[in-house]
Amino acid sequence: MKKIYTVLAILTLFVTAETNAQSGQVYTTSGGEMIFSFAQIDNNGNEKGNIMRFSPVFNLQNMVNYDMSPNFGVYSGLAVRNVGFIYKDPNTDIKKKYRNYNLGIPFGVKFGNLDGLFLYGGYELEIPFNYKEKTFEGERKTDKFNVWFSKRTPSIYNTVVLGVQFPYGANLKFKYYLTNFFNKDYSEMQNGVSVKPFENFDANVFYFALSFKLFRNTEIYYKDMRD
């Protein structure tokens with residue numbers, strides 16, 4: 001219930017800003033992401049084993065921007081994102097690759113010179129819709145599967161975002177997932193016994209992403225009708 005109240009509060013902020021602004025402009029932007037992801041891990045007390053994961057595709061973002069002034073604006077939109085992490089068991093030669101395709105809904109603010117260098121940040125809700133897991137023993141892949149709307153993951157991820165847009169279009173973003181990557185209550189049958197494989201596996205993903213012209217690639221502006 002608290003998550004719903006949070007989303008409603010953010011939506012109210014956007015509506016209030018729209019109502020109170022005396023002038024502004026609305027426009028859409030889009031761009032991809034090259035994601036370098038990691039995970040903060042605690043697997044039964046063991047915090048080692050994380051390996052960087054690089055995912056340049058398919059990461060698509062479309063933003064609706066409302067600039068209230070040359071120095072302050074808000075944005076929302078939709079995104080499809082390929083995000084996960086790689087885990088090497090420190091006690092064996094087994095390596096796991098976990099990833100989700102998520103649908104993202106961001107809510108954020110921008111401040112600075114919106115025609116040059118500016119910072120942005122906020123909250124993004126992500127809904128996982130396709131889970132993939134790969135298993136390697138040494139250099140040999142021994143298992144691979146993917147599941148639509150898997151119960152292995154939570155139904156919603158809560159994330160926070162902070163980024164910088166540079167004057168010539170390059171964009172650097174940091175994102176942290178407040179929600180554990182796995183559903184710790186998920187259970188499955190192994191050798192006739194019901195087990196919870198992620199019960200003691202905490203993994204909070206975070207990543208750095210590079211994109212270009214995320215807030216700058218649409219030249220047509222829809223000006224406020226009150227002008």
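A pocket is an open set of grid points with protein on both sides within 12 Å along at least five of seven lines. In this predicted model, the second largest pocket holds about 210 Å³ of space. A search of the whole structure also finds 1 cavity of 30 Å³ or more, and the structure holds 10 salt bridges.

**Second largest pocket**

- The lining of the second largest pocket consists of Asn43, Lys96, Tyr98, Glu133, Phe145, Arg152, Tyr186, Glu188, Gln190, Pro197, Phe198 and Phe201.
- By class, the lining of this pocket comprises 6 nonpolar, 2 polar and 4 charged residues.
- At least two lining residues come from each of strand 7 and strand 12 (188-190).
- Two of the lining residues, Lys96 and Glu133, form a salt bridge in which the closest N and O atoms are 2.9 Å apart.
- Because Lys96 belongs to strand 7 and Glu133 to strand 8, this pair ties together parts that are 37 residues apart in sequence.
- Glu133 is buried, with a relative accessible area of 8%.

**Largest cavity**

- The volume of the largest cavity is about 60 Å³.
- Its lining is made up of 13 residues, and those nearest the centre of the cavity are Met63, Tyr75, Pro106, Glu124 and Val161.
- Strand 5 (60-69), strand 7 (94-112) and strand 8 (118-137) each provide at least two residues of this lining.
- The lining of the cavity divides into 8 nonpolar, 3 polar and 2 charged residues.

**Salt bridges around Arg81**

- Side chains of opposite charge can pair when their charged atoms come close.
- Glu124, one of the residues nearest the centre of the largest cavity, meets Arg81 in a side-chain salt bridge at 3.0 Å, N to O.
- The relative accessible area is 0% for Glu126, which is buried, and 1% for Arg81.

**Shared partners**

Note on methods. Residues are numbered from 1 along each chain as its sequence is written. This is a predicted model: local features need pLDDT of at least 70, side-chain atom pairs count only at pLDDT 80 or more; totals for chains, interfaces and linings use all residues. Side-chain values use heavy atoms; hydrogens and water are left out. On a 1 Å grid over the protein atoms alone, a cavity is a set of points where a 1.4 Å probe fits but cannot get out, and a pocket is an open set with protein on both sides within 12 Å along at least five of seven lines; lining residues have an atom within 4 Å of a point. Grid points are joined across faces, edges and corners, and a volume is the space filled by probe spheres set on the points. Helices (H or I, at least four residues) and strands (E, at least two) are DSSP runs, numbered from the N terminus. Ala, Val, Leu, Ile, Met, Phe, Trp, Tyr, Cys and Pro count as nonpolar, Asp, Glu, Lys and Arg as charged, and the others, Gly among them, as polar. A salt bridge is a side-chain nitrogen of Lys or Arg within 4 Å of a carboxyl oxygen of Asp or Glu. Buried means under 20% relative accessible area, exposed over 50%, partly exposed in between (1.4 Å probe, protein chains only).
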